[in-house]
Every structure is written in C-alpha cells, then in structure tokens.
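Colleague: I would like to learn how to read the features of a model like this one. Could we take them one at a time?

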Amino acid sequence: MNKSDFCELLNAAGPSGYETNALSVWISMAGQFADECYIDEFGNGVAIIKAETPNLLSGDVINKHTVILDSHIDEIGLQVNHIDDEGIIHVGAIGSYDPAILVGQRVKIYSRKSDEFICYGVIGRLPTHLQSEDNEKTKIKIENIFIDIGSSTFDITSNLISIGDYVTIDREMEELSLFNIFTGKAIDNRAGCFAILETLERHAKLSNRKTTLIGIASVREETYSTSGARFYDSWKADDIITIDVTHASDQPNFEVNEQGERLMGSGPSIAVGSFLSKSLISELEYTAEHNNIDYTIEACPAGTGTNAEHTLLGNSNACRVGVISIPIKYMHTPVEMVNFDDIVNTAILLSKLYE
Ligand SMILES: [Zn+2]
C-alpha cells in the first residue's frame with residue numbers, strides 16, 4: 001500500500017448509509033492480498049487473512065487466534081431535503097457538521113439510487129455587503145445551508161437531482177510541503193481503514209501465521225455505530241480492536257487539560273479505561289516498546305465514542321476489546337490533517353502484535 005492508494009481511498013465518496021463508492025475501492029485494494037474479501041449482509045466490507053500453522057500430525061491448520069480489526073469507512077455528508085421554486089437545494093446533515101465550515105464550499109452530489117456522481121454545486125451565502133445582523137436567515141445554521149447548482153428553476157434542478165441524493169464536499173487529498181503530512185476530507189476514518197489494509201498486507205506476507213486476521217470496513221458509524229457490532233458476534237473472535245481517529249493536541253485552542261496530550265506524529269494512541277481489556281493494552285504497550293514504535297496513551301474514563309462500545313454491547317462471547325486511535329487535526333472538516341507515519345506505525349504495531 002502506498003500514498004497514492006491512501007489518496008484514492010480518501011477521495012472516494014461515502015457518507016453514512018451511502019458507502020458504496022468508498023467500499024468498492026477498499027475491497028478492490030484488499031482483494032490484492034486477502035484470502036477472502038466480500039461485503040456482508042449488513043453492508044460492511046470484510047477482508048480475511050487466514051492463519052496457516054499446520055498441525056504436524058494431521059496437516060490441518062491450527063487456528064490459534066481470531067482477531068477482528070474494525071474501522072468505520074463512512075464519512076459525514078449532506079442529504080437533499082427539498083428543492084425550492086428557484087431551483088435551490090436545501091439539505092440536512094448526515095452526521096455532525098459544524099455549519100460554519102460548509103459556507104463557501106464546492107460540493108459533489110451523488111445519486112442515492114445508483115451512487116453515481118451527478119453534478120457539482122456550491123454552498124453560497126448572501127454577500128457580506130447585504131447581510132444584516134438580525135436576519136435569522138443568514139445566521140450560519142445547518143437549516144440555512146443551501147446548495148446552488150447554477151439552475152434557477154425547480155424543473156431544471158429536479159430534472160437532475162432527487163430528494164435523498166447525497167452530497168460530499170469536493171476536496172481532494174493533498175500532501176503538504178511538509179513530507180508525510182496530508183490534508184483532506186474523510187481522514188476520519190479512512191485513515192483507520194487504510195491502516196487495516198496495511199496491516200493485512202503485512203500479515204499476508206508472513207509464513208506460519210498463527211492468527212486469522214479479519215479486517216472490517218464498517219458502515220454507518222457517523223450516524224448509528226451499529227452494523228459492525230451485530231456482525232462481530234458470529235466470528236467468536238478472541239480480540240476485537242477498533243481503529244479510529246482521535247484529536248491531536250497540537251491544534252490551536254485545544255484544551256489539553258480536558259483532552260490529554262498527543263501530538264500529530266506521536267504514533268498510535270492506545271485507549272485505556274472503562275471496558276477496555278487490560279491484558280490487551282499491556283500486550284500493545286509491550287509490542288510497541290520492544291519494536292521501538294512511538295505511541296501515546298489516551299485515557300477514556302467514560303468510554304471511547306467509537307464502534308468499540310457497540311462491539312461490547314453486541315457481543316455475547318468473552319473477548320478482549322481494544323481501541324487504537326490515529327491523532328488528527330480539525331476532525332469533521334474538509335481540511336482534516338494527519339501524519340502518514342502515524343497510520344503506518346498503527347499498522348506496524350498491529351502486525352507485530354499478531355505475527
Ligand atoms: Zn467522525
């Protein structure tokens with residue numbers, strides 16, 4: 001896996017519930033090295049690298065461990081609510097947007113039926129010269145956000161766009177002039193999905209693999225967080241690790257006393273606290289230290305706000321649950337920022353743990 005694979009995965013559209021485009025990129029990349037690769041009945045992408053430790057007497061594979069690595073592939077987005085008489089599109093948010101960052105963006109609109117790109121639009125705003133402070137309609141709130149596709153009638157717009165079509169911000173991934181620092185949309189949480197691909201690829205190259213690794217690109221986390229959890233139970237896994245993103249502390253106005261300190265580039269952040277397995281955390285720390293992998297610890301006294309909570313609730317087997325997070329800046333904006341080394345180091349940590 002390389003940086004251009006990373007950009008391709010992040011540029012694909014995939015708001016919660018409409019992950020088809022992003023999933024097809026993930027599945028085709030995983031298909032290059034996975035033993036099995038498919039989309040399950042809940043819509044999650046699944047890629048499996050099987051253990052291959054033969055029993056010396058029978059020749060059968062002894063499956064010592066089954067481990068699930070889960071990462072949500074969906075991103076936040078918008079959905080078409082209404083087309084007015086002037087051909088303007090009114091939207092609702094899929095997941096949590098700060099409406100202030102939507103103003104002035106160019107967007108891409110996709111068909112909810114075919115998942116094909118339909119057209120570009122812009123999120124406009126009445127010019128500053130014409131705004132008055134007490135005009136409720138120009139306050140930046142999600143209900144005041146509208147998309148203009150350049151049409152001025154209901155008929156022209158509704159000929160192209162249907163209620164329920166979905167929208168992403170038009171933003172391609174870019175590597176900044178500082179080597180390995182990337183910015184774009186959907187780093188939350190394609191960064192985790194890419195880390196899983198990188199882990200699976202490394203695992204596939206091992207001989208005498210003792211662990212079956214199941215990578216999951218799960219859907220609908222930004223809205224409901226449930227599809228992955230329902231799926232996990234049937235695998236009877238020994239460990240389930242959620243790989244998601246967390247807030248890097250080196251962004252302006254960040255409250256380090258409340259959120260803890262972890263810089264972008266400081267490596268994977270291992271969550272501790274609440275329901276997370278102490279023995280799994282110890283093994284992750286040991287593996288990082290013995291392989292010189294930088295990492296930080298993130299205290300999550302009241303939970304992690306990730307799929308891991310749903311893993312626990314949806315799973316009737318005794319299994320160890322963990323969370324590893326990649327530190328990013330400006331989460332839920334089209335200029336999210338990540339250090340590529342943190343993604344690779346997450347994959348190295350996971351592949352060393354289960355080699
Ligand atoms: Zn998110």
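Modeller: We will go through domains, a sheet, hairpins, helix packing and some backbone angles. Keep in mind that this is a predicted model.

Colleague: Start with the overall division. Into which domains is the chain divided?

Modeller: There are two entries: domain 1 covers 3-75 + 185-353, and domain 2 covers 77-169. Taken over C-alpha atoms, the centres of domain 1 and domain 2 are 33 Å apart.

Colleague: How many residues of domain 1 are in contact with domain 2?

Modeller: On the domain 1 side there are 14 residues, and they are in contact with 15 residues of domain 2. Sorted by class, the domain 1 side of this contact has four nonpolar, seven polar and three charged residues.

Colleague: Now the sheet. In what order do its six strands run, and in which sense do they pair?

Modeller: The general idea is that strands of a sheet pair through backbone hydrogen bonds, either parallel or antiparallel. Here the six strands form an open sheet with the order 7-6-9-4-5-8, and the pairing is antiparallel. Strand 7 (117-122) and strand 8 are the edge strands, each pairing on one side only.

Colleague: Take one pair from that order. Over how many bridges do strand 4 and strand 5 pair?

Modeller: Strand 4 (residues 77-83) and strand 5 (residues 89-94) pair over six bridges, in the antiparallel sense.

Colleague: What should I look at in the hairpin of strand 4 and strand 5?

Modeller: Look at phi. Most residues other than glycine have a negative phi, and most peptide bonds are trans. The hairpin of strand 4 and strand 5 has five residues between the strands, and G87 takes a positive phi near 80 degrees.

Colleague: Which residue has a positive phi in the turn between strand 10 and strand 11?

Modeller: That is N180, with a positive phi of about 80 degrees; this hairpin has five residues between its strands. Strand 10 (residues 174-175) and strand 11 pair in the antiparallel sense over two bridges, and E175 stands opposite F182 in strand 11. Strand 11 also pairs with strand 17 (residues 336-339), antiparallel over four bridges. There, I181 has N339 in strand 17 as its bridge partner.

Colleague: Next, helix packing. At what angle do helix 1 and helix 2 pack?

Modeller: Two packed helices are described by the angle between their axes and the distance between the axes. For helix 1 (residues 3-11) and helix 2 (residues 20-30), the angle is about 150 degrees and the axes are 8 Å apart. Helix 1 and helix 2 are therefore roughly antiparallel to each other. Their crossing is left-handed. D5, E8 and L9 of helix 1 make the contact with V25, W26 and M29 of helix 2. By class, that contact has four nonpolar, no polar and two charged residues.

Colleague: How do the axes of helix 4 and helix 9 cross?

Modeller: The axes of helix 4 (residues 187-204) and helix 9 come within 8 Å and cross at roughly 45 degrees. That makes helix 4 oblique to helix 9. The crossing is right-handed. Residues of helix 4 in this contact include F194 and R202, and those of helix 9 include I343 and L350. The contact of helix 4 with helix 9 has seven nonpolar, four polar and two charged residues.

Colleague: And which residues of helix 7 meet helix 9?

Modeller: E283, L284, T287 and A288 of helix 7 meet L349, K352 and L353 of helix 9. By class, this contact has four nonpolar, one polar and two charged residues. Helix 7 (residues 278-290) and helix 9 (residues 340-353) pack at about 110 degrees, with axes 9 Å apart. The two helices are therefore roughly perpendicular to each other.

Terms used
Residues numbered from 1 in each chain as written. Predicted model: local features only at pLDDT ≥ 70, side-chain atom pairs only at ≥ 80, totals over all residues. Axes fitted to C-alpha atoms, helices over the stretch in contact; angles between N-to-C directions. Parallel < 35°, antiparallel > 145°, perpendicular 65-115°, else oblique. Contact = placed C-beta atoms within 7 Å. Nonpolar A, V, L, I, M, F, W, Y, C, P; charged D, E, K, R; others polar. Domains from an automatic or database assignment. Pairing = 2+ DSSP bridges. Left-handed = near helix turned anticlockwise from the far one by under 90°.
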